[in-house]
Amino acid sequence: MSESIVIRGATVVNPDAITLADVLIIDGVIAAVGGSLQADLELDGTGCYLSSGFVDLHTHLREPGKEEAETIESGSRAAALGGYTAVVAMPNTDPAQDNVETVRFVREQGIAAGLCEVVPSGCITIGRLGKQLVPYARLVEEGVTLFTDDGTGVQDAQLMQRALMLGKLLGITMAQHCEVASLTTGAVMHDGECCSSMGVPGWPSIAEEQMVRRDIDLVRVTGAKMHFLHLSTAGSVDLVRAAKAEGLPITAEVTPHHLALQDELLRGFDPVFKVNPPLRTAADIDALKLGIADGTIDAVATDHAPHAGHTKEQPLDAAPPGMLGLETALGVLNTAVTVSPQQIASLMSWAPARIAEVSQRHGRPIAVGEPANIAVWDTSTVWTVSRDHLSSKSRNTPFHGMDLRGRVRHTIFNGELVVRDGKALK
Amino acid sequence: MSISEVSGTEILGADDVSRAITRISHEIVERNPDLSPVVIVGMQTGGVWIAQRLRDTVNRIAESIEVPLGAVDISMYRDDFSLRPVVLSAPTDIPLDLTGRTVVLVDDVLFTGRTVRAALEALNDHGRPRAVQLAVMVDRGHRELPIRPDYVGKNIPTHFTDEVSVGPDGVFVTAVVQ
Amino acid sequence: MKHLLSSHDLSVDEIVGILDVADHMAEINTRSLPKVPALRGKTIASVFFEDSTRTRLSFETAAKRLSADVMTFMASSSSLNKGESLRDTIETLSAMGVDAMVIRHKSSGVPLTMTQWTDAVVINAGDGWHQHPTQGLLDAYTVTREFGTKDSLSGRSIAIVGDIKHSRVARSNIDIFRRLGAHVVVVAPPALLPKNIESWGVEVRNTIDDVVGEVDALYMLRMQLERMDSSIVPKLTEYCALYSLTPERAARMGSGAILMHPGPINRGVELIVDPTDVPGSRILKQVTNGVNVRMAVLFTLLGSGATTVLQQGGES
């Protein structure tokens with residue numbers, strides 16, 4: 001029997017209510033919610049919110065294949081520090097997560113790290129090459145429910161339609177990285193005024209919107225579930241809003257960086273601001289925020305994409321896209337967007353838990369008998385991000401030197417305290 | 001390092017300056033019985049107007065001959081680039097090959113001698129003169145190089161930090177308190 | 001001004017100042033011994049990751065005429081390993097004690113990026129599609145001296161014809177010409193116009209016929225032949241029909257109007273006319289001016305240790 005934990009003085013965030021209460025955890029389960037509870041270990045929650053642990057729909061853990069950038073263990077630690085108790089591991093590993101062995105490896109490495117649940121996603125096509133569909137049923141048996149070729153979109157419309165037909169049959173979700181490749185050859189950043197004066201190839205908004213539009217049509221004809229990854233443009237938000245009004249089974253995420261950062265930041269040619277899809281304009285940011293406010297956007301997902309230092313020390317056009325996100329997600333969301341504690345919990349925990357189909361264990365109410373996957377966080381602490389003090393193996397955070405408001409204090413995963421007072425315990 | 005026009009002690013007046021130019025012109029003619037190889041070259045920018053008046057006066061005295069006039073910019077030849085900002089004035093204008101000529105090099109103030117050294121190097125890039133003579137309105141001392149003027153308007157003892165200003169209106173010395 | 005990375009780094013006063021210094025250099029370059037000791041003891045490295053013989057020679061000639069020591073580093077970008085090698089290359093050259101690096105790279109932004117890896121003065125000799133500031137300066141020098149208007153192009157119109165989108169020359173020249181007061185017109189195939197060209201403050205016209213008789217200067221850009229093979233321009237004949245300078249069009253140029261080109265010329269593409277048959281051609285003058293202006297840039301950045309002060313009748 002493990003030691004009991006009580007978190008004192010936090011405001012408990014549930015979908016139906018926000019209440020000040022102590023929360024007692026015994027043997028991995030919430031044993032009591034109320035006043036004046038006693039336990040072996042007492043944690044201070046004063047000034048904090050307490051919600052179900054965050055769930056990231058979009059994490060690149062880089063293992064297997066690019067362990068110099070991140071490992072499942074280091075990425076899990078970053079996740080725990082960001083308040084996450086589950087992360088969906090993107091399949092663009094080497095080898096890719098298009099087979100049972102790799103999927104099992106990723107899951108088991110996550111269990112070995114023991115800092116959060118690592119939920120492997122699967123590829124839509126073999127090797128993410130866009131040519132041949134993955135045998136989904138075998139991966140479904142392994143518990144995979146979300147399939148994506150993230151990093152690239154599935155270009156072939158007929159192939160995508162067939163993937164969705166199988167998705168419908170198996171009850172799984174296809175998650176699309178929306179990018180029409182023929183419109184983004186060599187693209188470095190948003191195709192706007194800034195890009196034009198900097199003289200680099202542009203990534204136009206329509207390249208995303210064309211695929212969002214196509215996939216909405218394919219969902220309409222197949223009836224399969226579809227999740228849109230990292231939407232970045234005003235036009236995409238409008239398309240998804242209309243599709244949802246139609247009642248189509250579509251969900252969508254945005255990243256913290258697309259809510260906070262503009263393409264103008266690339267003027268200094270610093271590859272740390274290069275990301276795919278690219279940072280957009282103020283008008284796009286406003287539209288994404290509106291999408292959050294009216295529920296068009298279901299989830300905030302990090303697209304945490306570590307890159308080893310030397311790979312970002314390249315010319316802007318040669319450097320790989322991607323940014324760290326796990327440890328800064330809450331602070332960035334809370335700083336960039338006006339959101340209530342319940343919205344934060346919904347965007348970062350409840351909705352992504354449903355989309356990733358991990359809601360037996362994550363994103364659940366804070367109530368007696370529920371599994372103890374918990375994040376304790378505030379929306380008031382102002383802290384300065386330093387790339388030197390992040391636990392990820394890589395340092396490519398675009399938020400270095402920025403002041404964020406809101407920080408994770410404690411994280412409890414499966415009843416075990418893994419982050420205490422902002423420090424990882426293992 | 002510019003000098004305010006009102007401040008400073010007047011050492012020479014406008015008439016003194018004119019007299020000095022006339023005297024030096026006569027000395028040039030006396031020293032160079034054959035004026036045909038002589039070229040008068042002013043150093044940009046302070047020496048240029050003096051060179052022009054010397055040339056005009058020499059031509060009046062000599063009557064039968066037209067002594068040519070040039071200007072040399074020494075900013076590309078200085079040895080103290082890293083010590084202070086370079087002031088570019090006007091380009092060099094030397095209308096003829098100096099090989100075999102006698103150059104009368106003209107500046108307003110002779111001080112450390114470093115600009116004259118630079119000017120000698122600059123002249124060399126326009127040919128090899130037979131001789132170079134140096135004319136200055138003021139020699140204020142403090143030489144750092146073995147350079148000596150052939151014609152002097154006036155010798156003025158100064159402190160190293162004093163500022164000396166030369167113009168058609170006169171010569172002024174300003175004491176600069178460090 | 002520590003580096004010269006982009007035309008945008010220069011104020012109008014600084015542009016005019018460099019062009020004035022270039023007049024001094026022009027005088028030096030007319031001498032039988034065109035060399036001065038101004039940069040004696042300085043080491044200038046030309047670091048060319050993309051081959052450009054003429055730009056490199058122009059810079060190296062400029063450096064040598066100022067008595068600087070010159071070292072050349074040439075590498076085709078493809079032969080370099082990615083990432084670390086660029087930094088390693090710059091840090092290695094820097095450790096040899098160079099005072100300035102003249103850099104050419106196929107990727108936009110590299111000159112700016114490398115300033116964090118070296119204490120040397122960095123001079124952009126062309127980066128990607130981004131900037132070629134010394135080309136902009138030498139072209140401004142050519143036009144201002146041609147029209148005898150030293151510090152202004154006010155009232156002058158200049159047409160730039162060709163692939164604007166992929167042209168670092170266009171980006172530098174449009175900026176400098178405009179800030180000196182010129183009216184700039186661009187003519188390009190639609191796919192070779194940058195997005196948001198309106199915001200550049202230029203007029204867009206459809207074909208060379210719309211401008212050839214109207215402008216004071218006709219600036220023809222080099223049209224990369226490989227772009228003809230793609231869908232950007234369907235065929236060479238289509239390009240020529242709308243954008244090339246033919247003998248007939250050249251004959252319609254205004255009297256006193258000049259023809260410019262950054263070189264190297266693609267004969268039979270942007271220039272179907274032989275430039276030696278165009279009285280207003282200043283294409284070789286641009287090359288001569290290139291040395292003057294690059295000398296001026298090197299002298300301004302390295303010559304005084306600090307700032308080159310330009311003034312009339314200053315005390316020396």
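For chain A, an unreviewed UniProt entry lists residues 51-233 as "domain: Dihydroorotase catalytic"; UniProt positions follow the numbering used here, feature names are shortened, and annotations may be inferred rather than shown by experiment. The model is a predicted one, in which local features need pLDDT of at least 70, side-chain atom pairs count only at pLDDT 80 or more, and totals for chains, interfaces and linings use all residues. Residues are numbered from 1 along each chain as its sequence is written, while chains are lettered from A and ligands numbered from 1 in the order in which they are written. Helices (H or I, at least four residues) and strands (E, at least two) are DSSP runs, numbered from the N terminus.

We can turn next to how the chains meet. Among the 2 pairs of chains that touch, chains A and C have the most contacts, a contact being two residues whose C-beta atoms, placed from the backbone, lie within 7 Å. Here 19 residues of chain A meet 21 residues of chain C. On the chain A side, α5 (193-198) and α10 (309-312) are the elements that give two or more residues, and α5(A) gives the most, with 4 residues. By type, this side of chain A divides into 6 nonpolar, 9 polar and 4 charged residues; Ala, Val, Leu, Ile, Met, Phe, Trp, Tyr, Cys and Pro count as nonpolar, Asp, Glu, Lys and Arg as charged, and the others, Gly among them, as polar. Chains A and B, in contrast, do not touch, and their nearest C-alpha atoms are 30 Å apart.

Chain B has 3 helices and 9 strands, arranged along the sequence as β-α-β-α-β-β-β-α-β-β-β-β. Of its 178 residues, 42% are buried (20 or more other C-beta atoms within 10 Å of the residue's own; exposed means 12 or fewer, partly exposed in between, with C-beta atoms placed from the backbone). Where contacts in chain B join residues at least 6 apart in sequence, 71% of them link residues at least 24 apart.

The largest nonpolar core holds 275 residues, of which A:L50, C:A100, C:I160, C:L218 and C:L298 touch the most other members. Such a core is a set of buried Ala, Val, Leu, Ile, Met, Phe, Trp, Tyr and Cys residues joined through C-beta atoms within 7 Å. Helix α10 (residues 283-303) of chain C gives the most to this core, with 9 residues. Because domain 1 (7-130 + 287-303) and domain 2 (133-282) of chain C both give residues to this core, it lies between them; the domain bounds come from an automatic or database domain assignment. Beyond its neighbours within four places in sequence, A:L50 has contacts that include A:I7, A:V23, A:I366 and A:V376.

The peptide bond from A:D94 to A:P95 is cis, with omega near 5 degrees, and A:P95 sits in the loop between β7 (84-89) and α2 (100-113) of chain A. Another cis peptide bond joins B:Q44 and B:T45, with omega about -10 degrees; B:T45 belongs to the loop between β2 (38-43) and α2 (48-62) of chain B. B:H142 is partly exposed, with 14 other C-beta atoms within 10 Å, and C:S67 is partly exposed with 16.
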